[in-house]
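Hi there,

Here is the structure I promised to pass on. Please have it open while you read the notes below it.

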Amino acid sequence: MKYTIAFPAGLTAAVLLLCTGCAATQVRDRAYLQAIELRSPDTPTVLLHDFHESKAIAYGKGSSVSQAVANAAVPVGKTLFLGHLELIAYENPAFGEQLDDLMQQYRLSPACKVACSADGITLAQEDTTKTVEQLRQAEHAGQLPETDLFTILREWDTASGTALVPLMTEDGFSAAIATKTNLSATLSPDAVSGLCWLRGDNYPEQFSTESYTVSSAKTQLSAEKLPDGFHVTAAIFLEGEGDFEAASQEIAKLCQAAFQETVSEYHADVFDVEPCLWSQCYKDMKQNDWKTAAGQMHFSVQVNPHKNML
């Protein structure tokens, strides 16, 4: 008589799971990176920062960024995991061409922050946790327009081929108009503040004059065709306490500076002017390209009490 030994289903599943786990990468075998810094595009160098150390934990060089990342993993002694990456910093704007590949290859979070360094600033000895927190706080306070990896890649994919990229300076954070390979211009403080209003994602809670405190705001763009070009209006609906007239004049000045330093001077679109034109002036845009439309554009700002918003 033959006997068959039957294992309980739960025990069988547990054995299979243990066998599979032996070959899989364990949590303890991974190095979870918080930030990477890219240097020297001709011979790419990558500096790695994790969530624990206050400075770079390793660096690697290679013929490509991915090879540099692989070489940097050797002294770490663990498999690198970039899925929780919070910051990509680079000193040379030519690295912009690598960002889309990095996102796809390492499955980076679309919310990962991106910053270009100026004046030889490096994060090698910096606490990147502090850097990321400072960047986020600057956005939260309305001192810097909100942006991230996904937004930058989306803006580069538009007809203007430009994006707003945060800029690390000795004095904190600024912002620049950038293509995938070059920095076109570093923006003035007024233009940076103006873009906070025009992009509509965040806004200064209080003005430097301290004459007005903002509780809520909303921005709407509209466009119309004129005989000599296009006219775009930014309507900003404001709610708060203080001198509304002074606040209105200050906001209009900041927005005009932002328009002048982006659309007028560099034909850059970093607050969705082109989609507005296509939405409201479709027939005329079919006969023009973005560069022509930008060169013929007039701009005005209307600041209204929030209660007037439809």
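What follows is about a pair of helices and then one histidine.

This is a predicted model, in which local features need pLDDT of at least 70 and side-chain atom pairs count only at pLDDT 80 or more, while totals for chains, interfaces and linings use all residues. Residues are numbered from 1 along each chain as its sequence is written, and side-chain values use heavy atoms, with hydrogens and water left out.

Helix α3 (residues 99–106) packs on helix α5 (residues 149–156) at about 130 degrees, with the axes 10 Å apart. Helices here are DSSP runs of H or I, at least four residues, and strands are runs of E, at least two. Axes are lines fitted to C-alpha atoms over the stretch in contact, and angles run from 0 to 180 degrees between N-to-C directions. L99, D100 and M103 of α3 meet L149, L153 and W156 of α5 (contact means heavy atoms within 4.5 Å).

Six of the eight residues of α5 are buried, so α5 is largely enclosed by the rest of the structure. Buried means under 20% relative accessible area, exposed over 50% and partly exposed in between, with a 1.4 Å probe and protein chains only. The buried ones are L149, T151, I152, L153, E155 and W156; their packing partners include β5 (87–90), α3 and α6 (189–199).

Now the histidine: H267 lies in the loop between α7 (244–266) and α8 (273–280). H267 is partly exposed, at 22% relative accessible area. Leaving aside residues up to four places away in sequence, H267 touches S160, T262, W290, K291, A294 and G295.

Best wishes
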